[in-house]
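The following exercises ask the reader to examine a protein model step by step. Please study the sequence and the structure before turning to the solutions.

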Amino acid sequence: MAMTLSPPAVIKAAALLMLVGLLGSCTPAPQPYQWPLPEGFPKPAVPAENPMSAAKAELGRYLFYDKALSGNGQQSCASCHQQAFAFAEPQAVSAGSTGERHRRNALALVNVAYNKTLTWAHPDLQQIEQQLLIPMFGEQPVELGISGHEQQVLQQLQRGPYPALFADAFGDEDANFQRVTQALASFVRSLISLQAPFDRYAYQGDDSALTPQQIDGMNLFFSERLECHHCHGGFNFTQSTSHEKQPLDRRPFHNTGLYFTGRQQVAGQGYPDKDRGLAELTMQPDDDGRFRAPTLRNIALTAPYMHDGSVATLEQVLDLYQQGGRNTREGQWTGDGRLHPAKSNFVKGFDLTQEERAAVLAFLQSLTDPHFITNPAYADPWPAQ
């Protein structure tokens, strides 16, 4: 028997159907971000005000590779952070969008989500969102050079596919610099590299992932004889590591004996004036020439090395640590970095046979993650020009 609805009941039913339709058309809640981590690895810590999402990381990828993000349209973040080189670049120091040379080597963007401190020598710079403001708006030196060109840059973000990308990431098409920095930070946090041969050997139980020579090198690397692991330890091969289970950070800045101008007793410093490292912020003589120990993951791809790119090869890096520092000449400065009073106690020199040297270098090669430098999720999304 058919049931006939009274007018009030019809209205009520229609309202109910409309409500169901509206609910069904609502944008679904963002799915929890899926970190590309092997089983057992801790998740990186993420600021509560900028939770990770795949949509934000994807928007950040477009921004990262877009030269329109620079004031003169000549440079992108990827100009100095190239995927083929583990998001570093094969230059001693970087040049900004106006051609001005930076004083420091571009750090590789490898597992930056786990970094407790950022850049070479700034203990208080601890969030990617903060750090990004330096290349975006800094003027000494100019990098992206957005200052004075803010409206021009934002206008470029009105073109496709940005309106859809901003809407996916933030719920509407409004492009502003807070959202730009949040999206860029999300993309940089997504750059996870944990698929090197070392990872298969150490964390996935694949005994064949390393050669006998690489295993010998690994044992030397983690030995008290070489002491490499004191500054390049843990799963990220750096002291500056923090995650959801380890919020604390050890002091990750070290003087490795690169320079000593001989002026320590006179002026309280021994590094060249153009870059004294941590001491420029703390004004403490003991911090002269101290820089952050970077990750060694993908280290074979990121030459040249050190804060100023003054060491060309891994072989030369090993020479430096074997000798306990470097006797160098740089412009008007001469001196023996091995004699610097603030040099780290872990940089004291050691002897290696040729076979042992080859083993250590082979182990460092095992930290290269081929998937990281070919992963399409990290690649340039813009059509080739």
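**Exercise 1.** Leaving aside its neighbours within four places in sequence, with which residues is Tyr 162 in contact?

*Solution.* The model is a predicted one. Step one is to set aside the neighbours of Tyr 162 within four places in sequence. Step two is to list the contacts that remain: Leu 59, Tyr 62, Leu 63, Asp 66, Gln 156, Leu 157 and Trp 382.

**Exercise 2.** Describe the largest nonpolar core and state which elements give two or more residues to it.

*Solution.* The largest nonpolar core holds 48 residues. Those touching the most other members are Leu 63, Phe 64, Leu 69, Tyr 162, Val 180 and Leu 184. Two or more residues of this core come from each of α2 (54–64), α3 (128–137), α4 (150–156), α5 (162–170) and α6 (177–189). With seven residues, α6 provides the largest share. Another core lies apart from this one and has 30 residues, including Leu 107, Phe 237, Leu 296 and Leu 364.

**Exercise 3.** Characterise the largest pocket by its volume and its lining.

*Solution.* The space in the largest pocket is about 990 Å³. Its lining comprises 40 residues, and His 102, Thr 119, Gln 131, Ile 134 and Glu 143 are the closest to the centre. The elements giving two or more residues to this lining are α3 and α10 (279–282). The most comes from α3, which gives five residues. Sorted by type, the lining of the largest pocket has 21 nonpolar, 13 polar and six charged residues.

**Exercise 4.** How many cavities of 30 Å³ or more are counted, and what lines the largest cavity?

*Solution.* The count is four cavities of 30 Å³ or more. The volume of the largest cavity is about 800 Å³. Its lining has 45 residues; nearest the centre lie His 232, Pro 294, Leu 296, Met 306 and Tyr 321. At least two lining residues are supplied by each of β2 (291–292), α11 (314–323) and α12 (354–365). Of these elements, α11 has the largest share, four residues. By type, the lining of the largest cavity divides into 29 nonpolar, 11 polar and five charged residues.

**Exercise 5.** Where are the prolines of the cis peptide bonds Gly 160 to Pro 161 and Ala 303 to Pro 304 found?

*Solution.* The bond from Gly 160 to Pro 161 has omega near 5 degrees, and Pro 161 belongs to the loop between α4 and α5. For the bond joining Ala 303 and Pro 304, omega is about 0 degrees. Pro 304 lies in the loop between β2 and α11.

**Exercise 6.** Are Phe 87 and Asn 111 buried or exposed?

*Solution.* Begin with the backbone. Phe 87, a residue other than glycine, has a positive phi near 60 degrees. Asn 111 is not a glycine either, yet its phi is positive, about 55 degrees. Phe 87 is in the loop between α2 and α3, and Asn 111 is also in the loop between α2 and α3. The cut-off for buried is under 20% relative accessible area. The relative accessible area of Phe 87 is 0%, so Phe 87 is buried. Asn 111 has 0% relative accessibility and therefore counts as buried.

How values were computed:
Residues are numbered from 1 along each chain as its sequence is written. This is a predicted model: local features need pLDDT of at least 70, side-chain atom pairs count only at pLDDT 80 or more; totals for chains, interfaces and linings use all residues. Side-chain values use heavy atoms; hydrogens and water are left out. A nonpolar core is a set of buried Ala, Val, Leu, Ile, Met, Phe, Trp, Tyr and Cys residues joined through side-chain atoms within 4.5 Å. Buried means under 20% relative accessible area, exposed over 50%, partly exposed in between (1.4 Å probe, protein chains only). Contact means heavy atoms within 4.5 Å. On a 1 Å grid over the protein atoms alone, a cavity is a set of points where a 1.4 Å probe fits but cannot get out, and a pocket is an open set with protein on both sides within 12 Å along at least five of seven lines; lining residues have an atom within 4 Å of a point. Grid points are joined across faces, edges and corners, and a volume is the space filled by probe spheres set on the points. Ala, Val, Leu, Ile, Met, Phe, Trp, Tyr, Cys and Pro count as nonpolar, Asp, Glu, Lys and Arg as charged, and the others, Gly among them, as polar.
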